[in-house]
Amino acid sequence: MVSEALDFRFLLLENYKKLKLNEQELATIFMIDHLISQGNPFVTQDLLSLKMSLDVKEIDKILAALLTKGYVAYETKDNRTITTLDPLKKILFREYSLSIVKESKAEEKKNVQEELENIYAAFDKLLGRQLSPVEISKIREWVDYGFSDEQIINALKEALSKNKKSLRSVDKILLSWSNREDMEKYGVTTNREDWDKNLEETIRIAKTPWLDNDD
């Protein structure tokens, strides 16, 4: 059974043109859905004609078209034939899911663009000049890598505090921050004292005579 968490009728009205359904087919689908909900598991053209202004021949053509398009199906359940709109519902719910993904990507793209514009403006101001195409491309790489606009701007400020105005310097700072985060993530300390202790221990182990001279 297809999930009814979403309103099937709303999705159908929103997408019936995209699915190449005409208004008569749309009305027939709604009537089929209504009859099923009223306890009529097997919906025929005769039953539809009792509820609709279309004659049996017209309804028969519409049903044939809906079956051909794969929007309506007849299935055997508990040794009896039933009418189901599940194929159409699956298509509509898939279309809805794709639209959500598309909107999400559009929103993500918008957020990235806002970040980039924020970085460009900050760099122009801090460097006192406009960025070159190569520099703009480099900044895009940082954002694609996952650095936030705040991290990138702070890296530039740190570089400038050391009288270094090239993006190469900013790149090195971001790389060092990334390496430090990786080390901390995996439980490796960057503390100088611990580094010295580890180095002393390594030297001691290297000097240890693991094999007796007699061997």
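Helices (H or I, at least four residues) and strands (E, at least two) are DSSP runs, numbered from the N terminus. With that in hand, welcome to a short tour of this predicted model.

**Figure 1. The protein chain as a whole contains 9 helices and 2 strands.** Start at the N terminus and follow the elements along: they run α-α-α-α-β-β-α-α-α-α-α. The chain has 215 residues, and buried residues make up 29% of them. Now consider the contacts between residues at least 6 apart in sequence: 52% of these join residues at least 24 apart.

**Figure 2. Asn79 sits in the loop between strand S1 and strand S2.** Strand S1 covers residues 73-77 and strand S2 covers residues 80-84. Asn79 is not a glycine, yet its phi is positive, at about 65°. Is Asn79 buried or exposed? Its relative accessible area is 79%, so Asn79 is exposed, as the cut-off for exposed is over 50%.

**Figure 3. Lys20 belongs to the loop between H1 and H2.** Here is another residue other than glycine with a positive phi, this time near 60°. Lys20 has a relative accessible area of 67%, so Lys20 counts as exposed.

**Figure 4. Helix H1 has a cap at its N-terminal end and a buried face along one side.** The cap is Asp7: one of its side-chain oxygens lies 3.1 Å from the backbone nitrogen of Arg9. Further into the view, find the buried residues of H1, which are Phe8, Leu11, Leu12 and Asn15. Looking down the axis of H1, you would see these residues fall within an arc of 100°, so they line one face of the helix. Here is a handy rule for reading such a pattern: an α-helix has 3.6 residues a turn, so residues three or four places apart point the same way. What do the buried residues of H1 pack against? Their partners are helix H2 (23-37) and H5.

**Figure 5. Helix H1 packs against helix H5 at an angle of about 75°.** Helix H1 spans residues 8-15 and helix H5 spans residues 86-127, and their axes are 10 Å apart. Angles of 65 to 115 degrees count as roughly perpendicular, and H1 and H5 are therefore roughly perpendicular to each other. On the H1 side, the contact is made by Phe8, Leu11, Leu12 and Asn15. On the H5 side, look for Leu88, Lys89, Leu92, Phe93, Glu95 and Tyr96.

**Figure 6. Thr28 is a buried residue of helix H2.** Its relative accessibility is 0%, and Thr28 therefore counts as buried. Which residues does Thr28 touch, not counting those up to four places away in sequence? They are Leu48, Met52, Leu54, Ile62 and Leu66.

Figure 7. Setting aside neighbours within four places in sequence, Glu135 is in contact with Arg129, Gln130 and Leu167.

Note on methods. Residues numbered from 1 in each chain as written. Predicted model: local features only at pLDDT ≥ 70, side-chain atom pairs only at ≥ 80, totals over all residues. Heavy atoms only, no water. Axes fitted to C-alpha atoms, helices over the stretch in contact; angles between N-to-C directions. Parallel < 35°, antiparallel > 145°, perpendicular 65-115°, else oblique. Contact = heavy atoms within 4.5 Å. Buried < 20%, exposed > 50% of the residue type's maximum accessible area, 1.4 Å probe, protein only. Arc of directions from axis to C-beta. Polar contact = N/O pair within 3.5 Å; in protein donor to acceptor, adjacent residues only side chain to side chain.
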